[in-house]
Structures are given as C-alpha cells and as structure tokens.
Amino acid sequence: MDCGALCQAVALLLVVCSLGPTSLAETVYCDLQPVDSKVTYAMSQVSEGCVAQIPDAALEVHVLFLTFLGDMSMLELTLQTSKQGGIWPREVLLILSVNKSIFLKLQAPGIPLQLAYDSKLVFHEALDANTTQLPSFTTKDQLLNWANTKGPIASVAELNNPQSILLRLDQASSSPFSCNLEPQKDMGHTLEWSPKASIRGCRLEGVAGHKEAHILRILPGPETGPRTVTVKLELTCAWRDTDAAVLILQGPPYVSWLIDANHNMQIWATGEYSLKIFPDRINPGFQLPNTTQGLLGEARRLNASVVASFVELPLASDVSLQTHSCGSGLQPSPTPVEITTPNKGCNQELLLTLIQPKCSSDGMTLVLKKDLISTLLCTIISLTFWDSSCQAEETEDEFVLSSGYSSCGMEVMENVVSNEVVIRLLSSSSPQRRKVQCINMDSLSLQLGLYLSPHFLQASNTIELGQQGFVQVSVSPSIPELMIQLESCQLNLGPDMEIVELIQGQEAKSSCVSLLSPSPSGDIRFSFLLRGYLVPMPTTGILSCSVTMHPRIRSLEVHKTVSTRLNIISTGLHDKGLVLPAVLGITFGAFLIGALLTAALWYIYSHTRHPGKREPVVAVAAPASSESSSTNHSIGSTQSTPCSTSSMA
C-alpha cells in the first residue's frame with residue numbers, strides 16, 4: 001500500500017472515531033417512562049395575561065382563569081404585599097374562574113379581600129374575606145367585561161393545572177395603565193406559580209455500572225433577557241461518590257444556573273453556573289445538544305447506565321427535584337393508592353363540603369366520587385343516613401347514598417325534608433356528621449308580577465312606553481329555609497326587535513334597571529324603565545326571569561324560569577291613532593287649505609278695489625307680476641321647509 005492510500009485510510013478512521021459519540025447520541029435507545037420522583041418549579045410565564053398600574057382607585061381587580069385536569073385539585077393561593085405587618089390601602093377583588101372542582105387554601109394577610117368564585121366548584125376552609133357568587137359566563141370576554149364594571153383591572157392570568165400561586169400586589173412602575181391580554185405573557189414580579197410536572201426515566205442499553213444521570217431541559221421562552229434558574233437537587237441516599245451521578249442542565253443561551261445539591265456529582269450545563277455554597281465562583285458551561293435524543297446520548301457518553309430523571313420544563317425561576325434511585329436502578333411510578341400520612345391526613349372539613357344531596361320529587365340522593373375522596377387522602381369505611389341501616393352502595397368509582405322521603409330517618413315538615421349523613425373514616429375514631437335538607441320543589445309555585453307603583457299593591461299586565469315598571473318574583477308557599485337568587489331577566493318585544501336584557505349575572509344590565517330591597521317576606525324586587533319610543537312599535541311583550549333555589553343547608557341548586565305576558569300601549573299622538581303617515585297627511589292638507597285661502601283673498605282684493613284708485617294697466621302689470629311672483633316664492637319656500645310647514649299647520 002502506498003503512503004497516500006495509507007494516509008487516507010488513517011484519516012478516514014479518525015473521522016469515524018470522532019463521530020462515534022455523536023452517532024451514538026442520536027441513535028441511543030432509551031424508553032422514557034414515568035418514575036417515582038417529584039419535581040416542583042416556579043415560573044412567571046402564563047398562557048395569556050397582562051399587568052397594569054392602578055395608581056388612584058379605591059378597589060383593584062385581579063382575574064385568574066384556571067384550568068385543571070383532575071376532577072378535584074388542591075390549590076394554594078397566596079396574596080402578598082411589601083407592606084409587612086401593615087394593611088393594603090385599598091380593597092382587592094380577586095376573581096377565580098375554574099373548570100373543575102378545587103379545594104382552595106388561601107392566605108392574604110393584611111389585605112381587605114373580596115373573593116368571587118363559583119361556589120359549586122370552589123371549596124375552602126374558613127376565609128378572612130368577603131365572598132360572592134361568580135355569575136355564569138360562556139366566554140372569557142364576558143367575564144372580563146363584568147370585572148371591568150367592578151373596578152380597574154390590575155392583572156389577568158390564564159394558568160394550566162397550577163399547584164400554587166403567589167400574587168404580589170405591588171405594582172411595577174414600568175407597567176402600562178391598561179391591561180391588554182398578551183399570549184405567553186411573562187408576568188414578572190407580579191405572579192409566580194407552580195404547575196404540575198411529570199418525571200420520566202429509563203435504562204441506557206449496553207452501559208454497565210450504576211452511574212445515574214439527572215437531566216433538566218429548560219425550553220426557550222418568549223423573552224430573551226438574562227435569566228438565572230435555581231436548581232435544587234435532593235437525592236435520598238448515603239453514597240458520596242462524585243462519579244456516581246451526573247447532572248445535565250440544558251437551556252437557552254441566556255440562562256445561567258445556581259445549583260443547590262445535597263450530594264457531590266458531575267455537572268454539565270449550557271451557560272454559566274455556580275454552586276449555592278460558592279455563589280461567587282462562576283464556572284463556564286458546555287455546548288450540549290438541544291434535543292431529547294441528543295441529551296440521552298450525552299448521558300451515555302458520560303458512562304451513565306440509568307437516566308434517573310428526565311424533565312422538560314418551560315422557562316422557570318426555581319426548580320426542585322427529589323429522587324430516590326441513588327444508583328439502585330429505576331423506581332417505577334406506583335399505581336395511585338389512598339395514603340394517609342401523620343403530617344398530611346384526611347381533610348375532613350373539605351370532605352364534608354362535598355356532601356351536597358340532589359333532591360327529586362320522591363327522594364334524596366348523594367354521590368361521592370372515589371377519585372375526589374382519594375385526592376383528599378381519605379378512606380371511607382361507611383357512608384349512611386341517620387338510620388345506619390341505610391348504607392351507601394359502592395361501585396367501582398363512587399359511593400351512592402339514596403332514600404325516599406318516608407324512610408331512613410327522614411324528617412318531613414311541610415315542604416322541607418331533613419336528615420343527617422354520617423361518615424366513618426379510617427383516620428378518625430369518631431364519625432363525621434352533616435345535616436342535609438331537601439325541599440319539595442314540585443309543591444312550590446313561582447310567580448312573576450308586574451306593578452306600576454313601588455308600593456306593589458295591584459299587579460298589572462299592561463305597561464305604557466316610557467313608564468316605569470316594578471317587578472316582583474315570589475314563591476308560594478313561603479319557606480324560610482329556601483334561598484332564592486335572581487340570575488337573569490329579559491323582555492322579549494317580538495321577532496322584529498332585539499331582546500331587552502334587564503338582569504344578567506344577578507346584576508342590573510343598564511342604568512334603566514334598579515335592584516330593589518326584597519319584600520318583608522323575602523320576595524325579589526327590581527324596577528325598569530321602558531323606552532318611550534321604539535320602532536317598530538310593540539304591542540305585546542314577554543317578561544321572563546330565571547332564578548336559582550336551594551335550601552339554606554347546602555344542597556344542589558334547582559334552576560327555574562318564570563314568565564308573564566304584557567300588553568304594551570303607547571302615549572301621546574299614538575293614543576289617538578295618529579301615526580307618521582297621518583301626521584304628514586294633516587300637515588299637507590293644512591298647507592293646501594292655506595294656499596287656497598291666500599289665492600282666494602288675493603282674487604277678491606284685486607277685483608273689489610275702487611275703480612278710481614286703479615292705476616294704468618301697464619303700470620299695474622309689473623307690480624302685480626312681481627307681487628304674485630313674490631307670493632309664489634314665499635309659498636314655495638314654505639312648502640320646502642318642514643319647520644315652516646309645521647308653523648303654518
């Protein structure tokens with residue numbers, strides 16, 4: 001073999017060897033599966049949001065749109081201000097919009113807080129805040145429009161599956177004066193939240209030993225300013241061998257790292273990094289692949305036999321990772337089971353809030369989902385009514401407790417049926433009890449009455465345009481245990497006209513509508529002013545209202561609608577049957593009569609003057625023509641000016 005051929009062969013061999021690790025990294029086989037580790041992280045980026053300054057306002061509004069995956073989730077929500085130990089100078093209205101049931105743990109020390117939410121979905125312990133029922137909205141814009149009527153909006157954020165939220169009320173001077181929603185918004189100092197994240201792991205085929213890799217990949221965000229990510233890695237094992245583990249951190253070039261680990265390990269990171277114990281010692285980073293397969297290949301190149309944790313996260317500020325493998329192999333994610341620990345036992349208070357029976361015409365039914373019970377870390381031994389012989393039926397995914405109104409210890413008083421639900425828990429030696437009520441809705445009559453005076457003495461089915469109407473919604477017979485809420489009211493004036501919204505979301509829709517104090521017996525009242533001029537002119541209308549009813553001892557709500565037909569009459573000219581064509585006809589007739597009278601008077605005057613006073617014909621012709629022309633012009637002018645026509649008429 002000549003020297004040239006030998007050199008080419010050696011060069012080719014060197015190229016193949018140099019490409020070996022890269023090729024392995026791109027083709028490495030590692031089946032990532034969920035593992036029994038825990039990761040939490042805090043971030044300020046939201047799916048959609050905005051922040052605004054509210055310099056001079058008695059109340060500021062914050063809106064959170066929260067989407068959850070499970071049927072029941074726990075949420076820790078903290079409101080914070082820099083005024084340590086002081087009182088926030090103005091009221092705060094916090095609006096929570098959720099898609100699934102949640103249990104809320106709220107902390108807002110020193111903040112005068114109003115909380116608006118759907119009580120059917122949000123459960124909580126005792127709150128140091130005023131609460132209100134959030135009206136039902138079908139779109140995000142409807143809710144934001146309603147929020148704007150309460151006060152200026154300081155922040156809006158849309159979050160997916162949050163575990164905890166920190167909302168800071170201190171306003172940044174760089175924020176705009178209006179809140180305009182932006183996609184993938186970085187809320188900065190205003191909001192930090194922790195979503196739920198999954199951890200995966202796998203065994204790298206063909207690599208011997210017990211070295212494990214922990215890989216954290218931070219995905220790029222919408223903003224590219226310098227960011228420091230604090231990474232806390234907690235390994236629950238005893239070995240201290242530096243070569244037993246490697247931490248691989250990959251992120252955008254503008255991300256640096258502050259690492260807090262409880263074990264010695266190798267560190268490979270893109271961008272600069274420092275250790276918490278030596279924060280001033282800055283270490284340069286490395287060039288790492290930015291793909292999943294590339295990072296797995298990098299772990300294999302560093303002789304790791306196991307990827308103990310692989311996590312991909314959006315741009316976060318703090319990441320905490322806890323793992324239990326420690327070189328002993330992967331710990332697969334276990335099947336979810338009900339667990340009761342000494343530090344975090346069954347939340348009995350929240351469990352009792354889930355006791356909301358559904359009432360029908362012939363019985364009471366209570367359904368408890370097992371996944372909700374499991375989320376609360378509770379184990380139910382038995383679920384019964386006051387009569388312990390009435391046991392709940394247990395299915396694969398729920399408990400169902402039901403009974404007619406004549407058994408199981410039901411107490412029937414007029415239209416109210418009462419009982420007690422008894423729950424025996426594995427974690428408690430004494431049973432938990434909760435009173436429940438049902439009201440026989442079929443025996444109730446809902447009335448809607450229109451009155452023409454605020455004294456509500458005589459109902460009427462007729463209203464004039466421009467007249468104020470007074471409306472009363474009542475239930476017969478009157479039951480003190482029954483709570484009634486007016487959800488909405490509208491006036492339908494016919495197919496050719498828009499529906500007039502009077503009440504929407506338990507609030508007056510316009511300044512022409514006023515919510516009044518209830519009657520002495522608790523009947524709902526409001527007033528409205530019907531516009532005095534409508535085109536086309538309506539003659540009838542249908543007034544309808546929707547109400548929500550439930551017993552004071554909480555149970556599922558019942559929604560009903562009641563309506564009444566109204567006769568609408570007009571005022572003024574229309575009372576006499578005069579409409580626009582008639583008015584125009586009368587005006588034109590008056591004009592025509594005036595013109596004929598003027599011509600007749602001129603004719604009489606010109607033919608009855610004394611003959612001696614007549615001037616020569618030639619001399620008379622021009623003035624006569626001129627005066628006639630002037631008269632005709634005046635008439636023509638009167639005819640073409642509506643204002644003049646009206647004065648003549």
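Let's start with F286, which counts as partly exposed because its relative accessibility is 35% (buried is under 20% relative accessible area, exposed over 50%, and partly exposed in between, with a 1.4 Å probe and protein chains only). Keep in mind that this is a predicted model, where local features need pLDDT of at least 70, side-chain atom pairs count only at pLDDT 80 or more, and totals for chains, interfaces and linings use all residues. Residues are numbered from 1 along each chain as its sequence is written, and side-chain values use heavy atoms, with hydrogens and water left out.

Now for the ring pairs. Rings of Phe, Tyr and Trp (its six-membered ring) pair if their centres lie within 6.5 Å; planes under 30 degrees apart count as stacked, over 60 as edge-to-face and the rest as tilted. That rule gives four aromatic pairs here. One of them is the tilted pair of W268 and F286, at 4.4 Å centre to centre with 35° between the planes.

Another is edge-to-face: F456 and F470 are 6.1 Å apart, centre to centre, with 80° between their planes. This pair links distant parts of the chain, 14 residues apart, with F456 in the loop between β33 (445-451) and β34 (459-460) and F470 in strand β36 (residues 468-476). Strands (E, at least two residues) are DSSP runs, numbered from the N terminus. F456 counts as buried because its relative accessibility is 10%, and F470 counts as buried at 8%. Together with Y451, F456 and F470 form one aromatic cluster.

Charges meet rings too. A charge sits over a ring if NZ of Lys or CZ of Arg is within 6 Å of the ring centre and within 35 degrees of the ring normal. The charged end of K140 does this with F65, 5.5 Å from the ring's centre, while R281 lies over the face of F278, 4.7 Å from the ring centre.

How values were computed. Helix = DSSP H or I, 4+ residues; strand = E, 2+ residues; numbered from the N terminus.
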